[in-house]
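Me: I would like to learn how to read disulfides in a model. Could you walk me through it?

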Amino acid sequence: MAVYALTGFSLVSLLSFGYLSWDWMKPSLVADVATDPMEKSLPPTFTRPPHIIFILTDDQGYHDIGYHGSDIQTPTLDRLAAEGVKLENYYIQPICTPSRSQLITGRYQIHTGLQHSIIRPRQPNCLPLDQVTLPQKLQEAGYSTHMVGKWHLGFYKKECLPTRRGFDTFLGSLTGNVDYYTYDNCDGPGVCGYDLHEGEDVAWDQSGKYSTFLYAQRVSKILASHSPKEPIFIYVAFQAVHTPLQSPKEYIYRYRSMGNVARRKYAAMVTCMDEAVKNITWALKKYGYYDNSVIVFSTDNGGQTFSGGSNWPLRGRKGTYWEGGVRGIGFVHSPLIKRKRRTSWALVHITDWYPTLVSLARGNMSNVQGLDGYNVWPAISEGKESPRTEILHNIDPLYNHAKYGSLEDGFGIWNTAVQASIRVGEWKLLTGDPGYSDWIPPQTLTNFPGSWWNLERLTDGLRKSVWLFNITADPYERYDLSEQRPDVVRTLLMRLVHYNRTAIPVRYPAENPRAHPDFNGGAWGPWASEDDGEEWEGGREPLKSRNKKKKKCKICKLRSFFRKLNTRLMSNRI
């Protein structure tokens, strides 16, 4: 039996704070409005395709929303969720690129070659160009399509850019994380560049504006300039609340009583993002879109606990296949929902949005083959059973193999050293190294130094390579049943074998020096030509060309210095 050790405080103290008293089967800690099933009003008839607003937040922890009992203020998200449908059996991927690729393609990572890690800024890699994306399908259905925020699906050549993958307009960053004010991003010492783009051009003039506000303002501008009589799709991929931890001063002041500095800044960023969503919702109403709109809210992965996030009471964090890494915050808000103001326990995965939204848009799904997602609108809107019964969390053959895994431990059918995870019905199986496995309570429990490292730690799992949990009965993953139920382990291993047979080779090319921002005027952007292969690994440039670009870079660095100085003088950043 597992032996648990508490560091910093006892289990009794946790219970006294009430953190282990949360009944998982209750829909939320904020009571839903009671409604009689016979009195639910029908939504407006779908006389025309609905406007679709998809909001994706970055690194927001499962615990970090008001209706999950958080001490962080999210009044807008709480209200939208309470008036819509909360998705409490909703799954995403553990890191950025995988979630975004599965949202955009409706396919598991193993079917796009992006099953390992993320797309790095200097890699000649991007979302496979043969994939028909969600916005492209919506364009086919007559939608105007717009993206605001973080792309993180590759940009090494122009064909990879958002405006070439189905979006009519784009304002945002191409890489994984940037400064919220200066939009600078460093991919290692001395490899720094500016990353804010308007369409396919560098948006130098927008530097100094806090990204959360900038993106919300852009959404409002798009809505103001478009006709509500014509369908529109806006993908809002907030940079928030990914590191660096930066927020306008007035939001941090609200959380001045929080002893943990990282948690304080993080909380401020979440509340600031909540206010941005409020402004977007207000714009939908002001410009006449709201009554025929569908708002989807989703996180992209679990919270990063050492950067202020919390996934409590779930196990693990961002980057892991424990529930804390893959169970997301999700809800749908729309006047078009038939059964509003409720919590859904239907199994939903981020790949499901592709067929769901295309179907809502009355798009043609007959010519789309090989999707891993399902149309879950009947489950969301009407409370019907979800068509999904299993989720392949991932199979990553390149991740460090577990030291104690073997083919023998996998009944001769699966090498348990390989990192993989799958859920089938109520059962979840993990093999290999699933990642950091502790339970970390909210970081504001105590104020003494190092308090956020107080955690509950499993001490006997270090020599394992197989775990099995009944997620319905044990959502916190405290009771490993792999030894008691070898029959279930074998069944789920066979499902992994099935999926692995359909996997395509991993796309994870070596970094290329041509990607350095110094060769692109000081900004991150495409560097390969249209004639280069998808995994182009070209050599060095001609010396004359390199020298010319380096001369240009001196001006860029001077401009960058004054831009940063101006930003620090004008912003209220802490």
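Reply: A disulfide here is a pair of cysteine sulfur atoms within 2.5 Å. This is a predicted model, where local features need pLDDT of at least 70, side-chain atom pairs count only at pLDDT 80 or more, and totals for chains, interfaces and linings use all residues. Residues are numbered from 1 along each chain as its sequence is written, and side-chain values use heavy atoms, leaving out hydrogens and water.

Me: How many disulfides does a search of the whole structure find?

Reply: Two. One links Cys126 with Cys160, S to S 2.3 Å, and another links Cys186 with Cys192, S to S 1.9 Å. With the bonded cysteines numbered in sequence order, the pairing reads 1-2, 3-4.

Me: Is the disulfide of Cys126 and Cys160 left-handed or right-handed?

Reply: The S-S torsion is about -60°, so this disulfide is left-handed. For Cys186 and Cys192 the torsion is about 110°, so that disulfide is right-handed.

Me: Are Cys126 and Cys160 buried or exposed?

Reply: Buried means under 20% relative accessible area, exposed over 50%, and partly exposed in between (1.4 Å probe, protein chains only). Both Cys126 and Cys160 are buried. Cys186 is partly exposed at 48%, and Cys192 is partly exposed at 31%.

Me: Which relative accessible area does Cys272 have?

Reply: Cys272 has 0%, so it is buried. Cys96, at 4% relative accessibility, also counts as buried.
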